[in-house]
Amino acid sequence: VDPEEGPARIGEMVEAGVAAFKFSTFGTDPKRFPRIPAALLEDCFRAIAPTGLTAGVHNEDDEAVRAAIERVKAAGITDYRAHGLSRPPLTELLASNQIYETGAETGCPAHVVHCSLGRGYEIARAYRAQGHRATIECCIHYLTLDEENDVRRLGGKAKINPPIRPRAEVEKLWRHVAEGNVTLVSTDHVSWSEDRKTNPDMLANASGVPGLEVMVPLFVKGALERGIALTRAAELMTLNPARHFRLDHVKGALEAGKDADITVLTPEPYTYDAAASGHNVVGWSPYNGIRLPWRVSATYLRGRLAFDGTKVLAEPGTGAFVRPLPTLVCASAR
């Protein structure tokens with residue numbers, strides 16, 4: 001949503017078949033990734049609420065983050081610690097509470113698009129317990145990497161918003177996975193070239209990492225190490241996302257009448273190298289060197305082999321647009 005237009009085109013976008021909306025409480029770019037102020041966010045949530053679609057929001061408080069960044073710069077901290085210090089937990093949690101409270105006030109399904117803190121999942125659970133539609137997403141990097149080991153080692157290659165947190169926080173997130181407090185798992189995949197991620201001044205690097213190629217094996221590895229059933233993997237990476245985007249009439253489960261979208265994993269231990277497959281556009285990854293016990297050996301799209309474990313067989317144009325299942329009529333889209 002363009003801040004200058006506000007909610008004016010939301011009905012039009014619903015009619016065109018969008019599956020959800022995304023906003024941000026932090027401004028990275030005035031057009032590509034703008035901050036949506038509180039009053040405008042409320043207006044947009046009110047416009048989305050009658051459609052039943054979800055409003056997802058990047059959860060970092062703009063004012064609090066900018067104040068923290070200035071403190072870090074004034075202290076002269078430029079190494080790996082700078083990013084976490086510039087976006088401390090409170091900056092994330094303040095935004096998460098705003099998002100869910102705005103959803104509660106407007107009746108709009110509210111979704112935090114990436115939460116790095118155990119406390120965030122507790123907040124979402126509390127809103128659900130009160131009867132509100134409050135969902136929350138965990139990224140694979142928050143379940144895999146930690147600040148004191150990986151960010152220290154990788155520097156800018158591990159700069160992500162919100163930041164990678166300490167190992168103790170990583171394990172809290174896995175407990176929330178096990179307890180069913182996580183709605184879905186994703187990558188927040190960003191293919192920055194290596195030169196945008198290697199500045200010795202931590203805050204000067206671009207934010208985000210590639211992760212799509214290796215998300216499933218990484219999650220399976222982490223789940224098996226913690227005794228979490230692999231049915232949770234299917235739930236968090238297929239069923240729940242399909243439900244979340246209202247595509248579960250055709251996606252998300254191996255059931256009669258739904259698309260036969262299947263990922264096949266085989267027990268072939270290997271060390272991940274992003275450049276080895278040729279499928280990772282940028283050829284680097286913060287996950288390089290991780291030993292994975294299972295390999296994706298095939299994927300099927302609508303019952304047809306799309307990837308044979310080595311080569312992508314699907315041709316351009318294979319994809320098909322899927323409209324979300326309408327549950328409520330959007331008056332402004334009639």
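An open sheet of 5 strands runs in the order β1-β2-β3-β4-β5, with parallel pairing. Strands here are DSSP E runs of at least two residues, and helices are H or I runs of at least four, numbered from the N terminus. Two strands pair if DSSP finds at least two bridges between them. From one strand to the next, the twist averages 30 degrees.

This is a predicted model: local features need pLDDT of at least 70, side-chain atom pairs count only at pLDDT 80 or more, and totals for chains, interfaces and linings use all residues. Residues are numbered from 1 along each chain as its sequence is written, and side-chain values use heavy atoms, without hydrogens and water.

Now look inside the sheet. Strands β3 (residues 110–112) and β4 (residues 134–139) run parallel, joined by 3 bridges. Val112 stands opposite Ile136 in β4. Helix α2 (residues 38–48) packs on the sheet and touches β1, β2 (54–58) and β3. Contact means heavy atoms within 4.5 Å. The direction of α2 makes about 175 degrees with that of β1. Axes are lines fitted to C-alpha atoms, for helices over the stretch in contact; angles run from 0 to 180 degrees between N-to-C directions.

Turn to the second largest pocket. Its space is about 560 Å³. Of its 23 lining residues, Thr28, Arg32, Asn161, Trp192 and Ser207 are the closest to the centre. A pocket is an open set of points on a 1 Å grid over the protein atoms alone, where a 1.4 Å probe fits, with protein on both sides within 12 Å along at least five of seven lines; lining residues have an atom within 4 Å of a point. Points are joined across faces, edges and corners, and the volume is the space filled by probe spheres set on them. Helix α3 (residues 62–75) gives the largest share of the lining, 3 residues.
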